[in-house]
Amino acid sequence: MTRYLVTGAAGFIGYHVCERLLARGESVVGLDNLNDYYSVELKRARLERLRRHPSFSLRERDLADHAAISEVFETGAFDVVINLAAQAGVRYSLSHPRAYTDSNIVGFVNVLEGCRHHGVKHLVYASSSSVYGANRRMPFSTHHNVDHPVSLYAASKKANELMAHTYSHLFGVPTTGLRFFTVYGPWGRPDMALFLFTDAILSGKPIAVFNHGDMRRDFTYIDDIVEGVLRVADRPPTPSDSLDDDDPSRSNAPYRVYNIGNGSPVGLMDMISILEERLERKAEKQLLPMQPGDVKETYADIEDLVADTGFRPQTPLSVGIDRFVRWYREYHGV
């Protein structure tokens with residue numbers, strides 16, 4: 001039995017990763033500070049489901065608390081760490097920048113230090129498609145430079161990749177960063193578009209459609225994300241023998257970065273149409289200009305993920321939205 005630490009265990013992706021690990025018989029320690037960025041009630045509902053498993057335990061700690069995180073590592077004897085705890089959200093970073101430095105920078109250093117000093121065999125951590133920022137070459141590839149972030153959230157995730165490489169290089173800690181693309185599905189985050197739109201449409205309220213709907217997203221269903229995370233977690237990176245100095249996704253250290261996306265971007269208005277069909281209601285659309293820190297399009301090149309793990313995300317958006325709507329109605333009783 002492999003012993004895992006999953007940070008952000010009460011979060012959307014963290015909850016689903018814990019569920020899958022527990023289902024395959026692993027021992028999982030979850031860590032979360034249960035902050036109120038969005039509904040704590042939803043986070044507690046996720047944790048209640050995880051607590052049904054005898055191999056799950058929770059540490060309610062703040063990732064930025066060095067002493068508390070050190071104690072978790074000292075007593076944990078973890079084989080693999082999956083770091084999914086972070087202050088999320090592009091728009092929130094415009095008004096609450098320190099939340100990102102505390103969680104995404106200070107907190108990540110504490111995780112790296114824990115892995116360094118306690119023999120962790122593999123650190124897998126959440127990066128984001130946001131790191132591509134002002135890049136215009138499509139699809140977004142991990143072989144491209146990402147030096148022009150357009151939000152502090154994106155900058156913090158880019159910083160995580162650089163920090164991870166440093167620890168891989170200096171201390172031999174195997175690290176893999178995963179750039180997630182627009183994750184959605186049951187138990188999702190209430191600040192994400194699909195959740196916001198569903199809530200508004202069922203409440204008879206207008207939905208905010210930015211850039212007048214002229215946007216495309218590489219929507220990626222949660223089960224595909226989790227499958228990618230676990231396949232990557234099971235294969236720690238090794239140093240690259242034939243290092244290309246222009247390839248930032250690999251190194252002569254045990255370091256790797258992958259995209260996890262569906263690889264097929266969908267127009268925002270098309271997504272809304274599918275949602276309207278599933279809800280059997282039309283949305284009142286409030287067309288608005290582009291928001292600061294946002295990008296017009298995301299599109300993942302996932303060929304490295306496919307080549308190295310044999311896995312290609314493929315859940316159609318229509319299927320994923322149908323599953324989300326069914327969960328939403330059940331959870332909220334509507």
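I began with helices H7 and H11, whose crossing is right-handed (the near helix is turned clockwise from the far one by less than a right angle). A note on the source: this is a predicted model, where local features need pLDDT of at least 70 and side-chain atom pairs count only at pLDDT 80 or more, while totals for chains, interfaces and linings use all residues. Residues are numbered from 1 along each chain as its sequence is written, and side-chain values use heavy atoms, with hydrogens and water left out.

Next I looked up the axes: those of H7 (residues 193-202) and H11 (residues 317-332) come within 11 Å and cross at roughly 55°. Axes here are lines fitted to C-alpha atoms, for helices over the stretch in contact, with angles from 0 to 180 degrees between N-to-C directions. H7 and H11 are therefore oblique to each other (under 35 degrees is roughly parallel, over 145 roughly antiparallel, 65 to 115 roughly perpendicular, the rest oblique). Helices (H or I, at least four residues) and strands (E, at least two) are DSSP runs, numbered from the N terminus.

I then turned to the sheet, which is open, with 7 strands in the order E3-E2-E1-E4-E5-E6-E11 and parallel pairing (strands pair if DSSP finds at least two bridges between them). I found E3 (56-60) and E11 (255-260) at the edges, each pairing on one side only. The twist averages 20° from one strand to the next.
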